[in-house]
Amino acid sequence: MKWMSKSGKNSLDELLFSTKNREYGAYVHRKDYRKNLIFSCFIGISIMSLLYAAPLLIHWIKGDERVTTEVIPVTLTPTAELMAPPPILPEEPPKVEPREEPPKVATRRFVRPEVRPDEEVIEEDLAPTIDELKEAAPSIVTQEGVSDIYEDYVIPEPEPEPDPEPEPEPQPAKVFTFVEQWPEFPGGERALYEFLAQNIVYPAVARSNNIEGTVVIQFVVREDGSIEDPKVVRGIGGGCDEEALRVVKQMPNWIPGEQQGLPVAVKYNIPIRFILRN
């Protein structure tokens, strides 16, 4: 069977959709493809033409606005008529204030003693007397001057020394709350409990009132192992707090804690239990 188009020619679309629904779908798109293509090309050409002609339209609407340049006449003076530059004045040498010459020291010519006959003795070669040397210094020539060039010299007063800076107050050593190696009672934990059991005396008030419980004592183990600043952080009363504090103060030096291999001060808590036994 052959399908013929309206123009009398074979249509591929008619052949492909001979057994399919033609009311919608691909058949409608194929049927309108040529019309849509021509319409799209027309729209594209119109937009490109409008973009191309937009500058000309804008120029035609605004009119011919050309930039005018104002010419300012300038008169040039010939080089021969120019004034000569001012002469360069030599720089004045810096003024040197005249220095006052230091005073001359009175001297008397002193030569090596030599034995001569009286007729050959020259007065200038005579040795100066002791009185003359009191007023003048011995030298190879004789000249007038002052006997003491330092007579007008004033010894300057020494500048006051600045106040010494106060020495910085020594800062207390840092107390660690966590260290690599904790402090330890000599002999270990078992020796600590034995020390507490041997030294604690149950207070009579607590015994008569059946007071039991745990007292927590906090203290600092210094770098040398000594116990410092013991205090009660949790008590039960009845004299138990004071008794626990008394025993802690009697403890021997501990093995100090260490941080990075060095002994340091460490804050330590120790619980002490008070239990009544029949």
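Predicted model: local features only at pLDDT ≥ 70, side-chain atom pairs only at ≥ 80, totals over all residues.
I took a nonpolar core as a set of buried Ala, Val, Leu, Ile, Met, Phe, Trp, Tyr and Cys residues joined through side-chain atoms within 4.5 Å, where buried means under 20% relative accessible area, exposed over 50% and partly exposed in between, with a 1.4 Å probe and protein chains only. Helices (H or I, at least four residues) and strands (E, at least two) are DSSP runs numbered from the N terminus.

I noted the conventions: residues are numbered from 1 along each chain as its sequence is written. Local features need pLDDT of at least 70 and side-chain atom pairs count only at pLDDT 80 or more, while totals for chains, interfaces and linings use all residues, and side-chain values use heavy atoms, with hydrogens and water left out.

I then followed Leu196, which, leaving aside neighbours within four places in sequence, is in contact (heavy atoms within 4.5 Å) with Val247, Met251, Ile270 and Ile272.

For the chain as a whole I recorded six helices and seven strands, in the order α-α-β-α-β-β-α-α-β-β-α-β-β. Buried residues make up 17% of the 278 residues, and among contacts between residues at least 6 apart in sequence, 72% join residues at least 24 apart.

On the surface I found a nonpolar patch formed by Phe39, Phe42, Ile43, Ile47, Met48 and Leu51, with about 660 Å² of accessible area together. Leu51 is in helix H2 (residues 26–62) and is exposed, at 58% relative accessible area.

Last, I checked Asn253, which lies in the loop between H6 and strand E6 (257–259) and is partly exposed at 45%. Not counting residues up to four places away in sequence, Asn253 touches Pro186, Asp224, Gly225 and Ser226; the C-alpha atoms of Asn253 and Ser226 are 4.7 Å apart, although the two residues are 27 apart in sequence.

Terms used
Patch = residues over 30% accessible without salt bridge, like charges linked within 9 Å, V, L, I, M, F, W, Y side chains within 5 Å. Areas by Shrake-Rupley, 256 points an atom, 1.4 Å probe, with all protein chains shown as cover. Salt bridge = Lys/Arg side-chain N within 4 Å of Asp/Glu carboxyl O.
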